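Please look over the sequence and the model below before reading on. The briefing that follows covers backbone features and the nonpolar core.

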Amino acid sequence: MLVVWGRKNSINVQKVMWTVAELGLAHERKDVGGPFGGLDTDDYGALNPNRRIPTIVDEDGTTVWESHSCVRYLAARYGAGSLWPEDPSARALGDLWLDWMQTTLLPDLAPVFIGLIRTPAEERDMARIERSIRAMGETWRILDVHMEGRSFVAADTLTMGDIAVGAACYRYHALDIERPTLPNIAAWYERLRERAHFRTHVMIPLS
């Protein structure tokens, strides 16, 4: 059975758990990280020398860490023709939007989320938070342009390309911030909200 190590309120774990659910994989999730601790143990260090979450261990012993590597592995092994597009062009689109979330969107999403959700009000750097909110709004416009005439990020159905940006999109909409009007993202986000596994694994209270 697949084992997923990580706490459910981590966005990186949410990407993996959403993927697991969409693929219908039998699994066990073990709480580690944050208030659960466990990352500094010898056993966890042997699985993931970075001592971060998530880590997955497949039933054959294959061990993968880094959330997007986990998503790619699961999609490739169990989701050929669905989460893992067989068409190389569609698969490349999925790949690039997975990476775009990490390299381009996250640098502004992270300080807003951490500042507003995990930092006491009296300790917040509001100038930085506000700069990141404005920058993030412009960054989301890149995806909004891409989504013109599209139902999902990389194909006509959900693929791995939707996973990371979809998880980020929930956080973006759940934060109490001002957002620009992005009609194509709004329509795509509503399609994600219709998916039971997205609601279960991603749309949980921010903490």
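Where is R51 found? In this predicted model, R51 is found in the loop that runs between α2 and β3. The points below start with that loop, then turn to another loop and to the core.

**The loop between α2 and β3**
- R51 has a phi near 60 degrees, which is a positive value in a residue other than glycine.
- R51 counts as partly exposed, because its relative accessibility is 32%.
- P54 also has its place in the loop between α2 (42–47) and β3 (55–57).
- The peptide bond that leads from I53 to P54 is cis, and its omega is near 5 degrees.

**The loop between β4 and α3**
- E66 lies in the loop between β4 (63–65) and α3 (67–78).
- E66 is not a glycine, yet its phi is positive, at about 75 degrees.
- With a relative accessible area of 42%, E66 is partly exposed.

**The nonpolar core**
- The largest nonpolar core holds 62 residues, and I56, L74, W140, L143 and W188 have the most contacts inside it.
- At least two residues of this core come from each of β1 (2–5), α1 (11–23), β3, α3, α4 (88–117), α5 (126–146), α6 (160–174) and α7 (183–193).
- α4 gives the largest share of this core, with 10 residues.
- In soluble globular proteins, nonpolar side chains tend to be buried together.
- Neighbours within four places in sequence aside, the residues in contact with W188 are L143, M147, S151, F152, V153, D162, V165, G166 and C169.

Key. Residues numbered from 1 in each chain as written. Predicted model: local features only at pLDDT ≥ 70, side-chain atom pairs only at ≥ 80, totals over all residues. Heavy atoms only, no water. Helix = DSSP H or I, 4+ residues; strand = E, 2+ residues; numbered from the N terminus. Buried < 20%, exposed > 50% of the residue type's maximum accessible area, 1.4 Å probe, protein only. Core = buried A, V, L, I, M, F, W, Y, C linked by side-chain atoms within 4.5 Å. Contact = heavy atoms within 4.5 Å.
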